[in-house]
Amino acid sequence: MPPARAAAVGASVEGCGGLRLWDGTEDAGKATMMACETECRPLGVFTCQLCALTAPYSYVGQKPPDTQSVVLLEESYVMKDPFTSDKDRFLILGSKCSLCSRLVCVGLECSLFYSKRFCLPCVQENIDAFPQEIRQDLEKRKVPSKRPASQPSSRT
């Protein structure tokens, strides 16, 4: 085996789906690198229109790729879980409010899911249309946490 080729055999490409090994053939290496680039390349950047959370998303829809039998209840913006190499793990970033179509994250301060996604401004405008349990839950959210003034918020 030529020296240059020997150094390439077993070389790795770090990707979103984990460590990938190159089998030493030029075509296989190119195919692996292309698969990794395609797999890792985000479709765009999700931005919550209420809290300005931003994150790259890799899928939009109800059936995330590489999942066995997962069907989401809403069309969601999804990213691969960056904390694991398991291809079937993902994080739901958010979706559109079913009333105003505003893009909102799944954070408690921005939206709630009650058969559909609703941004909190739309919930407040239509509070009487929601069941008592939802109204009570929203009242609990309004109560500020008992954090000492010297302790900064965890959200930056």
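How many bridges pair β7 and β8, and in which sense? Three, and the sense is antiparallel. A word on the ground rules: this is a predicted model, where local features need pLDDT of at least 70 and side-chain atom pairs count only at pLDDT 80 or more, while totals for chains, interfaces and linings use all residues. Residues are numbered from 1 along each chain as its sequence is written, and side-chain values use heavy atoms, with hydrogens and water left out.

Strands here are DSSP runs (E, at least two residues), numbered from the N terminus, and two of them pair if DSSP finds at least two bridges between them. With that in hand, look at the open sheet: four strands, in the order β5-β6-β7-β8, with antiparallel pairing. At the edges sit β5 (59-61) and β8 (103-105), each pairing on one side only. From one strand to the next, the twist averages 30 degrees, with axes taken as lines fitted to C-alpha atoms and angles running from 0 to 180 degrees between N-to-C directions.

Now go along β7 (residues 90-96). Four bridges join this strand to β6 (residues 76-80), and the two run antiparallel. Lys80 has Phe90 of β7 as its bridge partner, and Met79 has Leu91. Turning to β8, Gly94 is partnered there by Cys105. The hairpin of β7 and β8 has six residues between the strands, and in it Ser101 takes a positive phi near 65 degrees.

Finally, find Arg117, in strand β10 (residues 117-119). Is this residue buried or exposed? Arg117 is buried, because its relative accessible area is 9% and the cut-off for buried is under 20% (1.4 Å probe, protein chains only). Its side chain makes a polar contact of 2.7 Å with that of Glu74; such a contact is a pair of N or O atoms within 3.5 Å, and within protein one must be able to donate a hydrogen and the other to accept it, while residues adjacent in sequence count only if both atoms are side-chain atoms.

Key. Buried < 20%, exposed > 50% of the residue type's maximum accessible area, 1.4 Å probe, protein only.
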